[in-house]
Amino acid sequence: MNTTDFEEPISWQERLTEGPVEWTALDNVLFSVLMVLAFELLNHISSNIGYWFRPNEIPVRGKHLDEFSQTDKVFVTLNKLCTAPFMYFYVRYAYAEPNVVMESVSIQNMVLPIPVLFLVYDFFYTILHWGLHIKSIYGYIHKHH
């Protein structure tokens, strides 16, 4: 076979700047592993921050789920596994969308919108969370977290 039929492989820096379309299978695996590790680190921090700073405890109201059943663990694991593909397609969309200009990324247009993002997200999250407490569906979905 003629070696001129093959394209020269691009470096990891070029693949990173060109976006997810140019990523190899190994890049996708690495991205997924990094996403899961980042969320596990966030989970560890959020689970222990109360112990580290010793604030007054908030009293538990109602029945509290201290031990996860096997079903609970499956629900949580499936939820975590969905995060990496979601983030992959999110990043891929950001690279392909003409309104997102990656060359103009700055602290102002990346960090300053975060509080607004959380306000909008929390508004819809709160409405969905209230809905998940409807007795007819609570045991199937919300109870498992």
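The legends below describe close-up views of a predicted model. Local features need pLDDT of at least 70 and side-chain atom pairs count only at pLDDT 80 or more, while totals for chains, interfaces and linings use all residues. Residues are numbered from 1 along each chain as its sequence is written, and side-chain values use heavy atoms, with hydrogens and water left out.

**View 1. A surface patch of negative charge.** The patch gathers Glu7, Glu14, Glu18 and Glu22. Patch residues have over 30% relative accessible area and no salt bridge, and like charges are joined within 9 Å; a salt bridge is a side-chain nitrogen of Lys or Arg within 4 Å of a carboxyl oxygen of Asp or Glu. Asp and Glu count as negative, and the charge of Glu is placed at CD. Glutamate 18 lies in helix α1 (residues 12-18); helices are DSSP runs (H or I) of at least four residues, numbered from the N terminus. With a relative accessible area of 51%, glutamate 18 is exposed (exposed is over 50%, buried under 20%, with a 1.4 Å probe and protein chains only).

View 2. Rings of Phe, Tyr and Trp (its six-membered ring) pair if their centres lie within 6.5 Å; planes under 30 degrees apart are stacked, over 60 edge-to-face and the rest tilted. The count is six aromatic pairs. Tryptophan 23 and phenylalanine 31 have ring centres 5.2 Å apart and planes at 50°, so the pair is tilted. Both residues are buried. Ring pairs link Trp23, Phe31, Tyr88 and Phe89 into a cluster.

View 3. Phenylalanine 86 is exposed, its relative accessible area being 54%.

Note on methods: Patches are made of residues with over 30% relative accessible area and no salt bridge: like charges are joined within 9 Å, nonpolar side chains (Val, Leu, Ile, Met, Phe, Trp, Tyr) within 5 Å. Accessible areas come from the Shrake-Rupley method with a 1.4 Å probe; for residues, only the protein chains shown count as cover. Helices (H or I, at least four residues) and strands (E, at least two) are DSSP runs, numbered from the N terminus.
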